[in-house]
Amino acid sequence: MNDKQHTIKAPVTVSGIGLHTGVVATMTFCPAPVNHGYKFQRIDLPGQPLVDADVDNVVDLSRGTTIEQNGARVNTVEHTLAALVGLQIDNVLIQLSGPEPPIMDGSSYEFIKPLQEIGLEEQNALRNYFEIPDEIRYQDNPRGVEIAALPLDNYRLTVMVDYNSPVLGSQHASLTEMSQFATEIASSRTFCFLHELEALYKQNLIKGGDLSNAIVVVDRVVSEDELSELAEMLGKPKVAVKKEGILNNVDLRHKNEPARHKLLDLIGDLALVGRPLKGQILAARPGHAANVAFAKRIKKKMLEVDSSPVPHYDPARVPVMDINQISAILPHRYPFLLIDKIIHLDATTVTGVKNVTMNEPFFPGHFPGNPVMPGVLQIEAMAQTGGILVLNTVPDPENYWTYFLGIDTCRFRRMVKPGDTIIFKCQLLAPIKRGIAKMSGKAFVNGKVVMEAEMSASIVKKS
């Protein structure tokens, strides 16, 4: 799985009819900045409102997942989101000229193909994974639905479906590596049973449904009169039933295509938690209602974990900036370059790491026999971390200096000694104006605050 965030290199557009609304729409995937996530934009509505792809925005689950925000609604988002997750794309603005993404062929493949052709662009920020910390479970006993998430340093999904159908029987589908999504899962099409088709039609759904973009499973004997009525409902001159029970002689792309499509839907619905996931997902008889209910449980756990103020640091992960990249931005050099790596950087927040060793040049004098890192150097290291954040706001940071203007409410909570790893987190308190930045900072060792302060600095162009 990718360590860095990705967007796409350029806009890419697809067009087609919506499955349930029957409205023809154009959908354009646009590059987006770090930590943007997935957002839809209804460009056909006044003000072109944005709709975050967030589980809290789900308003309807009638045979698909519908989200709404700012007075704008987007229907059937799961196939679109599954394509983005499957390609490990993190940041995209999805501009839509109608109420629903095009159904295309009923799968995610016709989104995958143009996105792959336009290409991905790596961004200078780590992916903000949510790693499942312990078992999360959802059950709907009347429907026989059970979904569980278990800790795993990867993202794997297994789905089992059983419709008591002589045509489909019991099916399983698994995805062990997200890199396999494009070839193994993306082409699996949406499906329904014949007995559901008329009901969906009467509910004013599947207006854009067609035998070319959905599999209809026939699990009972159908008379010629019923086939004629179906042909009229679907706008076809004639429909027929294949011997294995698939309407209109549609060939399945996989023996377990329905199970694979359920896995595709699950990936798309779980994208609504708002962050890439690491965990093992096991799902029996999932559907959109269960998927969304489960996504809400994951998000609840995610918010509980995120409420901890201590930044997570995994030394095995590739940093956003290593020491060479830091040196290219900051003018400091030995013995005053005090930051070893940057592990998080966005528009308002930065996190840096300082590994304190006995070989630091200040330990022979502070204090011999009882080495303690001077508080003033802790402040300096925090300021250098904040300097990376401020310099990240200009396109040519090498042409700027940052200078201290003030330090407020500084407190030293614990001593820092050789062998400690300090995690510095700085956050802007307000937007930078006239080159002046004010930020709050905290330093952590072993999950405990060792120092905190508010700092002001100016950014000045080199003359």
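These are short notes on a predicted model.

1. Ground rules. In this predicted model, local features need pLDDT of at least 70 and side-chain atom pairs count only at pLDDT 80 or more, while totals for chains, interfaces and linings use all residues. Residues are numbered from 1 along each chain as its sequence is written, and side-chain values use heavy atoms, with hydrogens and water left out.

2. Overall build. The protein has 9 helices and 24 strands. Both are DSSP runs numbered from the N terminus (helices: H or I, at least four residues; strands: E, at least two). The C-alpha trace spans about 95 × 45 × 35 Å along its principal axes.

3. Burial. Of the 463 residues, 53% are buried. Buried means under 20% relative accessible area, exposed over 50%, and partly exposed in between (1.4 Å probe, protein chains only).

4. Helix 1. This helix is mostly covered, with 9 of its 9 residues buried. Among them are Glu78, His79 and Leu81. Just after helix 1, glutamine 88 takes a positive phi of about 60°.

5. Helix pair. Helix 1 (residues 78-86) packs against helix 2 (residues 109-118) at an angle of about 40°, and their axes are 9 Å apart. Helix 1 is therefore oblique to helix 2. Oblique covers the angles left over from roughly parallel (under 35 degrees), roughly antiparallel (over 145) and roughly perpendicular (65 to 115). Axes are lines fitted to C-alpha atoms, for helices over the stretch in contact, and angles run from 0 to 180 degrees between N-to-C directions.

6. Valine 460. It lies in strand 24 (residues 448-461). Valine 460 counts as partly exposed because its relative accessibility is 35%.
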